Amino acid sequence: MTRAADRIFENAEVHSLGESDEIHEAVAVRDGRIVRVGSDYEVEFLRGVDTDVVDCDGNVLLPGFIDAHTHLEILGRRLVRADLDTGTRTAALDRLHEAADGDDAWVLGYGYDESDWDDGRLLQRAELDSVSTDRPVVAFREDLHTASANSVVFERYGDELPEAGVERTDGEPTGVVREAAAERLRRETAPDRAETRQLVTAARDDAHERGVTGVHEMVRASEAPAVYRTMARDGELGLRVRLYYWADHLDAVEETGLVADCGSDLVEVGGIKAYADGSLGARTARLSEPYADADGRGEWLTDPERLRELAARVDDLGLQFAVHAIGDEAVGAVLSALPDDSDRRHRIEHAELLPGAAADFDAVASMQPNFLRWARAGGLYAARLGAERAATVDRFADLLAAGVPVAFGSDCMPLDPLYGVEQAVTAPEDSQRLTVTEALRAYTTGAAYAGHDEDRLGTIEVGKRADLVLLEESPWAVDDDAIADIDVTMTVVDGDVVYRP
Ligand SMILES: [Zn+2]
């Protein structure tokens, strides 16, 4: 006789997002795995005296979302510290003033995006001096490639900031710092382990609220990996975390013998992350043709020769290489740096501008549909690239048509898969719009594939881990521009309900 299920989710509209698009009513779970999917009647047979039965109220049950590109510690800082993702410059400065009321040694804000503001200008030193003249104040831009600092920061750290990253007018710092200089400030303000746990917990809760059951987490000089492992050990994580260590940890990763796809059910090693170039916002993404609104074609943060060496080494060590590349020249350099015939599923993060045909994209495309918000008419990308080139970003449909594996992630800008799905199905270029099913698959099976996890995650099928999300409305039934407004009514990891409002 078949053992009873631990939990049954019934009275749902179950979309497995697997090969078949058949719709079911119920899912039974035992020991954290899916043991039956079918009609309420079929699944009812697994009901025993101790089986917990969850009535899904006719809501839509999907595989849990896997966000293929996150920085949860950074998201946690926005949730716990000053969140500068505001519609106006004044509101962002108000938040910094509020943060200055506390007694922390630093006044820190995260996630500002001046392209949302009327004047489109980065925060300046004088404005941050108005927040404090005796404590260091740093406002990090959303992409973290750029930050703005007050005079105290330049007095204390001016000598240590790489000069190339310090913007000046008439010899004086404007307050804006970029790339290595911004990274120096990020490290200086890095939280210790206890604080990291607080930040990561806040971000984890936020992820659950958005239906996210797994993340591919990019980490650098952070306490977060240790925190994920201790939380998992203590049974307090409730989220699958696949770790990508920054290339500057490569020696340590090699010495300590970390290889891909190893770890626990919840925390595993993925591979190594590197930056080929910067961002379009900061005009540091490496382009083949100059920017439309400035001289220059962007920067190499890792040059093509070094990318090639790194790729070979990462591949030899049995790790997956995940390379940030946004500009077409950077994407081309990464494609040619990746070893041929590797089964590691090396990936390009962002891949916003392709150097040529989608069919030549011989890697996993780990992309952020939420970035399309900057690609809309009159937006940041049109300013940086000109309208014609801006229309060629994020070629999701071309990549899928060419058979390229596409994984969706958010880069935490914001972490919100349904917002990303809405952006992908309403893409400004008609030809690149995805169907709801395609967009959801990129956030489930696509991301699972990118993490070598398709055998245990990504669909609602017997044998898979019971990672699920329940939506109050069907993304197939609402208007395309209302998908982001759909509420998550339950999130389930390993059969356990980790979120229910
Ligand atoms: Zn990122």
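Predicted model: local features only at pLDDT ≥ 70, side-chain atom pairs only at ≥ 80, totals over all residues.
## Cavities, a pocket and strands

The second largest cavity has a volume of about 50 Å³.

- Sorted by class, the lining of the second largest cavity holds three nonpolar, four polar and two charged residues.

**The largest cavity**

- In total, two cavities reach 30 Å³ or more.
- The largest cavity has a volume of about 70 Å³.
- This largest cavity is lined by 13 residues, and V215, R240, R242, D453 and L457 are the closest to its centre.
- Two elements give two or more residues each to this lining: β15 (212-219) and β16 (240-246).
- Charged residues number six in the lining of the largest cavity, alongside five nonpolar and two polar ones.

- Turning to open space, the second largest pocket holds about 400 Å³.
- Of the 20 residues in its lining, L17, E19, R441, T445 and G446 are the closest to the centre.
- Helices α16 (436-442) and α17 (445-450) are the elements that give two or more residues to the lining of this pocket.
- By class, the lining of the second largest pocket divides into eight nonpolar, six polar and six charged residues.

**A four-stranded open sheet**

- Four strands form an open sheet in the order β5-β4-β1-β6, and their pairing is mixed.
- At the edges are β5 (33-38) and β6 (52-55), each of which pairs on one side only.
- From one strand to the next, the twist averages 20°.
- Strand β4 (residues 26-30) runs antiparallel to β5, and five bridges join the two.

- Strand β11 (residues 137-141) is largely enclosed by the rest of the structure, because five of its five residues are buried.
- In a regular strand the side chains alternate between the two faces of the sheet.
- Here V137, A139 and R141 point one way from β11, while V138 and F140 point the other way, and all are buried. Note that this buried set includes the arginine R141.
- Strand β10 (residues 107-112) pairs with β11 in the parallel sense over five bridges, and Y110 stands opposite F140 in β11.
- Strand β12 (residues 146-149) pairs with β11 in the antiparallel sense over three bridges, with V138 opposite A149 in β12.
- Together β11 and β12 make a hairpin with four residues between them. In that turn, L144 has a positive phi of about 65°.

**Cysteines**

- The whole structure was searched for disulfides, and zero were found.
- C56 has a relative accessible area of 1%, so it is buried.
- C412 also counts as buried, because its relative accessibility is 5% and the cut-off for buried is under 20%.

Technical notes. Residues numbered from 1 in each chain as written. Heavy atoms only, no water. 1 Å grid on protein atoms, 1.4 Å probe; cavity = no way out; pocket = protein on both sides within 12 Å on 5 of 7 lines; lining within 4 Å. Points joined across faces, edges and corners; volume = space filled by probe spheres on them. Nonpolar A, V, L, I, M, F, W, Y, C, P; charged D, E, K, R; others polar. Pairing = 2+ DSSP bridges. Axes fitted to C-alpha atoms, helices over the stretch in contact; angles between N-to-C directions. Disulfide = S-S within 2.5 Å. Buried < 20%, exposed > 50% of the residue type's maximum accessible area, 1.4 Å probe, protein only.
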